[in-house]
Amino acid sequence: MIEKTGAATIDLVKSKFPAKDVLVRPKAIIECYKEIPCNPCETSCPFNAIYIGSDINQIPRIDFNKCTGCGICAQACPGLAIMIAMIKDGKAYFKIPYELLPLPVVGEKWSAVNRYGEILEKPCLIENVKKTKDRTTIVTVSIEQPFLYEFSTIRSKL
């Protein structure tokens with residue numbers, strides 16, 4: 001399906017997530033679906049939670065037992081294919097790399113978008129906006145938990 005639409009199906013997305021009980025703590029979600037020569041996630045992880053191996057083309061694998069959700073891999077990923085996810089109090093929280101202007105502001109509601117570029121029926125709340133040392137902006141958003149597997153990014157302030 002990804003070859004036809006350019007977007008992962010919900011089943012493919014779910015295969016990248018740990019069990020929901022693991023998401024009580026932040027975890028990196030690596031949405032790499034094709035083999036490409038790339039390994040910044042593996043080399044940047046200070047906990048050795050991401051493994052690619054000697055063939056740089058392999059799809060990264062993550063050990064959720066080692067992952068702390070620190071987000072260093074999300075900052076390092078040139079393809080913006082990594083987000084940090086967590087579930088708390090009926091909400092799904094995501095830390096996503098964001099490279100557009102204007103930047104969101106804490107407390108604003110923005111449109112939540114799925115992997116097909118469609119706006120989800122519920123907006124998300126901007127919880128935090130942080131510029132990192134390498135100038136990647138990491139935006140933390142919250143959205144209702146049923147959108148855990150549908151949420152991909154944000155678009156346009158409401």
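Two strands pair if DSSP finds at least two bridges between them. Strand 1 and strand 4 are joined by four bridges and run antiparallel. Strands (E, at least two residues) are DSSP runs numbered from the N terminus. This is a predicted model, in which local features need pLDDT of at least 70 and side-chain atom pairs count only at pLDDT 80 or more, while totals for chains, interfaces and linings use all residues. Residues are numbered from 1 along each chain as its sequence is written, and side-chain values use heavy atoms, with hydrogens and water left out.

- An open sheet is formed by seven strands in the order 1-4-5-8-7-6-9, with antiparallel pairing.
- Strand 1 (27-30) and strand 9 are the edge strands, each pairing on one side only.
- On average, neighbouring strands of this sheet are turned by 40° against each other, direction ignored; the axes behind such angles are lines fitted to C-alpha atoms, and angles run from 0 to 180 degrees between N-to-C directions.

**Strand 1**

- Buried means under 20% relative accessible area, exposed means over 50%, and partly exposed lies in between (1.4 Å probe, protein chains only).

**Nonpolar cores**

- A nonpolar core is a set of buried Ala, Val, Leu, Ile, Met, Phe, Trp, Tyr and Cys residues joined through side-chain atoms within 4.5 Å.
- The largest core has 28 residues, and those with the most contacts inside it are Phe-17, Phe-94, Ile-143, Phe-151 and Ile-154.
- Two or more residues of this core come from each of strand 4 (82-88), strand 5 (91-98), strand 6 (109-113), strand 7 (124-131) and strand 8 (137-144).
- The most are given by strand 5, with four residues.
- Apart from this core lies another, of 15 residues, among them Cys-32, Ile-50, Cys-67 and Cys-73.
- Leaving out residues up to four places away in sequence, Ile-154 touches residues including Ile-96, Trp-110, Ile-126 and Val-141; contact means heavy atoms within 4.5 Å.

**Aromatic pairs**

- Rings of Phe, Tyr and Trp (its six-membered ring) pair if their centres lie within 6.5 Å; planes under 30 degrees apart count as stacked, over 60 as edge-to-face and the rest as tilted.
- By this rule there are three aromatic pairs.
- The rings of Phe-94 and Phe-151 are stacked, because their centres are 4.6 Å apart and their planes stand at 25°.
- Phe-94 lies in strand 5 and Phe-151 in the loop between strand 8 and strand 9 (153-157), so this pair ties together parts 57 residues apart in sequence.
- Phe-94 is buried at 0% relative accessibility, and Phe-151 is buried at 0% as well.
- The rings of Tyr-98 and Trp-110, with centres 6.0 Å apart and planes at 90°, form an edge-to-face pair.
- Both Tyr-98 and Trp-110 are buried.

**Glu-118**

- Glu-118 is in the loop between strand 6 and strand 7 and is partly exposed, with a relative accessible area of 46%.
- The side chain of Glu-118 makes a polar contact with the side chain of Asn-114 at 2.8 Å.
- A polar contact is a pair of N or O atoms within 3.5 Å; within protein, one must be able to donate a hydrogen and the other to accept it, and residues adjacent in sequence count only if both atoms are side-chain atoms.
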